[in-house]
Amino acid sequence: RGALQTLAPQLALAAPFKEGTIQDLAKDVLKIAKGGLKRRGFNEAKFLEELEQIAESGVTRADMLLQKFHGPWGGSVDPILREHVF
């Protein structure tokens, strides 16, 4: 457990977990969640689509923001306030 707490912030979904990675675990959990939501019958499984894309690709929102920070944003965090206001 201590290793997971140390590695997850550094490696994100690529961090090792049991016989696989956190990415493998995320895919399994999302599969279970999607099945449960489908069984409810309210067309709610669509809300998992973004998480499924992240789990499949292994690229998190933090990864995407870091790419922008080191690329087009030129090391500035100011653009995040304009581009990612919720």
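The model is predicted; local features need pLDDT of at least 70, side-chain atom pairs count only at pLDDT 80 or more, and totals for chains, interfaces and linings use all residues. Residues are numbered from 1 along each chain as its sequence is written, and side-chain values use heavy atoms, without hydrogens and water.

**Exercise 1. Find the buried residues of α2 and say how they are arranged.**

Buried means under 20% relative accessible area, and exposed over 50% (1.4 Å probe, protein chains only). I22, Q23 and L30 are the buried residues. They cover an arc of only 85° around the axis, so they sit on the same side of α2. The arc uses directions from the helix axis to the C-beta atoms. On the other side, K31, I32 and R39 are exposed.

**Exercise 2. Trace the surroundings of Q23.**

Q23 has 18% relative accessibility, so Q23 counts as buried. Leaving aside neighbours within four places in sequence, Q23 is in contact (heavy atoms within 4.5 Å) with L13, A55, E56, S57 and G58. The Q23 side chain reaches the backbone oxygen of E56 at 3.2 Å. At the start of α2, a side-chain oxygen of T21 comes to within 3.2 Å of the backbone nitrogen of Q23.

Methods. Helices (H or I, at least four residues) and strands (E, at least two) are DSSP runs, numbered from the N terminus. A polar contact is a pair of N or O atoms within 3.5 Å; within protein, one must be able to donate a hydrogen and the other to accept it, and residues adjacent in sequence count only if both atoms are side-chain atoms.
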